[in-house]
Amino acid sequence: MKYLTLIITLFFITPNQQTDKLTGRYNYLIEDDNVYVQKDKITFNDSVFVFDNKYLPKGKISYGNTILLDNFINTDLIISIPKDQIKKDTILFYMHDRQSSAANYLDEVVGKGKLIKIK
């Protein structure tokens with residue numbers, strides 16, 4: 001009887017546990033001298049993102065404790081997004097350079113910006 005209860009409990013818990021993913025279309029703004037400048041539009045779909053500018057490459061999204069956008073504008077730039085920001089309409093992000101002199105390039109922030117959801 002207790003196994004039946006355990007199975008039923010697990011059945012109801014499992015569908016409710018979803019990983020939060022970036023989806024939708026956003027404007028992205030980069031901070032420059034304490035002013036945010038709009039650069040382009042970006043579309044997120046599960047683990048891939050694409051810029052509206054067709055000359056910029058597609059990128060990959062890695063989900064973990066921190067969300068990482070790989071191949072953002074160029075191959076050396078990584079974007080990190082704190083996981084608590086994902087459900088918001090305005091998402092703050094930080095830029096990191098892979099060629100950084102720091103031991104872990106994610107420890108050194110080279111810029112920051114915002115993603116603003118387009119509704």
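**Close-up views of a predicted model**

View 1. S100 is placed in the loop that runs between β7 and β8 (111-117), where strands (E, at least two residues) and helices (H or I, at least four residues) are DSSP runs numbered from the N terminus. This is a predicted model, in which local features need pLDDT of at least 70 and side-chain atom pairs count only at pLDDT 80 or more, while totals for chains, interfaces and linings use all residues. Residues are numbered from 1 along each chain as its sequence is written, and side-chain values use heavy atoms, with hydrogens and water left out. S100 counts as buried because its relative accessibility is 16%, buried meaning under 20% relative accessible area, exposed over 50% and partly exposed in between, with a 1.4 Å probe and protein chains only. Leaving aside neighbours within four places in sequence, S100 is in contact with Y105 and E108, contact meaning heavy atoms within 4.5 Å.

**View 2. The largest nonpolar core and I81.** The largest nonpolar core has 20 residues, and those with the most contacts inside it are L22, F44, L69, F72, I81 and L115; such a core is a set of buried Ala, Val, Leu, Ile, Met, Phe, Trp, Tyr and Cys residues joined through side-chain atoms within 4.5 Å. The elements that give two or more residues to this core are β1 (23-32), β2 (35-45), β3 (48-51), β5 (66-70), β6 (77-82) and β7 (90-97). Apart from neighbours within four places in sequence, I81 is in contact with L22, T66, I67, L69, I91, L92, F93 and L115.

View 3. The structure holds eight aromatic pairs, a pair being rings of Phe, Tyr and Trp (its six-membered ring) with centres within 6.5 Å, called stacked if the planes are under 30 degrees apart, edge-to-face if over 60 and tilted otherwise. One of them, formed by Y28 and F51, is edge-to-face, with 5.6 Å centre to centre and 65° between the planes, and it links distant parts of the chain, Y28 in strand β1 and F51 in strand β3, 23 residues apart. Y28 is buried at 4% relative accessibility, and F51 is buried with a relative accessible area of 4%. F44 and F49 form a tilted pair, 6.0 Å centre to centre with 50° between the planes; F44 is buried at 2% relative accessibility, and F49 is buried at 0%. Y26, Y28, F44, F49, F51, F72 and F93 form one aromatic cluster.
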